[in-house]
Amino acid sequence: MPALRLASSVRTDVGNGEILKRLLDILFAWRELEVLRPLGVRGWALVMAVFILAALSLGAEQFATPKLVGADGYYHTRMATVMAEEGLGQGFRWTQASVWRDRFADKEFLFHVLLMPFVALDDVTAPKVLTVLLMALLASLLTAMAWRHAWPWPWLWPCMLAGAGVLFHLRVSLTRPHLLSVLLVVMAAQALLRRHRPLLLGLAVLFPLAYTAAHMLLALCLVYGVARLAMRQGFPWREFALVLGGTVIGLLLHPHRENLVYLWHLQNIQVVTNAFDRLGALAVEFLPPDGRLLLVDVGPLFLGVLGTGLAFSLLGKKASLGTVFLFLASVAYLFLFLNIRRFVEYWVPFSILFMAAAAKDLLQGFDAKAWLKKHRVWGGLAIMTFTVVLSGSILRTSLGTQDILSKDSRPRYEMEAAWLRDHLSKGEQVFTLWWTSFPFLFHHAPDQHYLVALDPTYMMAWDEGRYRDWTRIATGQDPLAARHIPSLFSAHWVLAEKQPNHQGFIAQARRDKRFWLRFEGPDAIVFALPPDPVPLAMAAARQMGAGQVAVLGGLGAIALELAWTGSLD
């Protein structure tokens with residue numbers, strides 16, 4: 001390999017300056033890296049055509065709804081705005097009942113940096129454009145890899161990505177850091193396939209700065225090592241050492257490195273293994289896929305992978321190292337996907353890459369033109385059937401995604417957040433019944449403080465006793481909720497999300513006169529919980545006569561009601 005030839009030219013009998021010069025030549029000899037060589041006019045034309053068509057197709061899906069898809073995108077866009085306006089803080093003041101308050105680490109630092117110029121233009125439309133561009137880049141990357149490796153039909157594989165199913169397209173419609181993660185992982189697979197060590201090192205440094213799963217490239221390198229061992233080619237110790245060293249460097253370069261490892265453990269171990277949602281409303285992305293998703297939505301892709309594997313057995317063909325590696329990676333991500341559906345965004349591209357690499361191995365020495373000429377009827381029927389199935393998958397995926405997104409056009413919690421923003425003072429603590437409302441509240445009402453963001457595990461790690469108190473209050477099981485909310489959570493405002501698990505609390509608050517209903521929107525109800533005046537009144541009464549107490553008590557009650565409700569009932 002060119003880079004290896006350069007590396008071998010570094011001798012130990014030259015001066016330190018010459019050694020440094022040659023090492024820099026290795027790191028920055030981009031023209032020697034095959035992955036960055038020109039693809040040629042035809043190759044670049046195909047890659048650009050795929051990028052444009054993918055952007056148009058994904059854009060039609062993305063802009064089927066005027067708002068950001070999902071919830072977490074509102075957190076990420078606001079976080080990018082906060083970074084642009086305030087820089088990198090060492091805490092997260094918006095969550096007062098979470099480990100984030102004092103031990104915050106921006107797990108998706110590079111993604112937020114990437115978002116910053118887009119949110120400067122617009123906090124919804126521009127991030128949606130970025131989402132489309134990142135996935136169009138993925139389609140282009142698959143095409144470029146197919147062209148570079150001389151895999152058959154490089155135009156076919158982005159088409160399979162376009163027809164990969166509604167679940168995959170919904171996942172890649174989210175303005176979230178997994179988009180950047182998928183791109184980096186696929187690029188790392190290319191670096192391993194071509195043994196481009198400088199590129200692999202650079203990706204290993206970037207990944208911990210971009211995504212919470214800092215271990216993912218190490219796991220991919222281990223899979224590559226297993227493939228090499230299976231092919232009796234030895235474990236890639238140099239590549240593994242580069243990825244390990246790059247990961248450590250990336251962790252050390254992170255601006256929140258002191259807390260990053262701790263939050264990595266929470267995010268990747270406790271969130272997955274704990275009963276992190278004890279109310280029984282598990283986040284959908286952590287659920288395994290149901291039978292309909294497996295048989296209908298991703299069924300064609302799954303059958304394609306299965307059929308490709310069977311073809312090796314039936315034809316007696318030998319798989320190359322790249323094919324074995326991509327197959328093992330696809331199987332690993334399939335295992336994760338079958339347990340947690342959010343891994344579909346990794347399984348789909350690696351399954352397509354496996355089929356692309358396998359096609360080259362299976363067609364080795366096969367004269368397709370001669371076969372089609374000899375079997376015109378069967379060949380024509382096979383081509384027609386494949387075209388119909390692929391076209392149907394693309395159409396079903398695109399229209400199905402657009403249909404689902406078009407039905408989710410109303411921004412959630414927007415009215416409630418606007419009311420909080422207009423009526424509460426800056427820094428006011430708001431007691432929320434659950435964590436799913438936080439991204440919307442943080443986006444639309446960033447001047448207020450809340451309890452927990454993105455996952456209740458962060459509250460459990462902060463104080464499990466308070467977490468239990470919180471869940472009892474939120475489900476209406478605490479008859480002393482009006483007393484415990486101010487005393488345990490320092491909050492005199494409550495935003496009660498209209499979720500099934502919270503109907504008990506909402507009914508309790510409507511009955512309890514200590515909860516004053518201030519605003520009711522389509523997604524939540526805002527209650528005021530005024531400070532208890534009894535202790536203050538008793539202290540004052542000890543120093544006053546009975547007549548003064550009666551007069552002042554009546555005036556105090558009138559003033560308190562005016563302050564909290566704006567009217568006298």
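**Rings and their neighbours**

Guide: Welcome! The chain holds 28 helices and 4 strands, where helices (H or I, at least four residues) and strands (E, at least two) are DSSP runs numbered from the N terminus. This is a predicted model, in which local features need pLDDT of at least 70 and side-chain atom pairs count only at pLDDT 80 or more, while totals for chains, interfaces and linings use all residues. Residues are numbered from 1 along each chain as its sequence is written, and side-chain values use heavy atoms, with hydrogens and water left out.

Visitor: What makes Tyr413 and Phe440 an aromatic pair that is tilted?

Guide: Rings of Phe, Tyr and Trp (its six-membered ring) pair if their centres lie within 6.5 Å; planes under 30 degrees apart count as stacked, over 60 as edge-to-face and the rest as tilted. Here the centres are 5.6 Å apart and the planes 40 degrees, so the pair is tilted.

Visitor: Which parts does the pair tie together?

Guide: Tyr413 lies in the loop between α20 (376-406) and α21 (414-423), and Phe440 in helix α22 (residues 438-444), so the pair ties together parts that are 27 residues apart in sequence.

Visitor: Why does Tyr413 count as buried?

Guide: Buried means under 20% relative accessible area, exposed over 50%, partly exposed in between (1.4 Å probe, protein chains only). Tyr413 has 3% relative accessibility, so it counts as buried. Phe440, at 1%, therefore counts as buried too.

Visitor: How do you know that Arg103 lies over the face of Tyr262?

Guide: A charge sits over a ring if NZ of Lys or CZ of Arg is within 6 Å of the ring centre and within 35 degrees of the ring normal. Arg103 lies over the face of Tyr262, at 3.7 Å from the ring centre.
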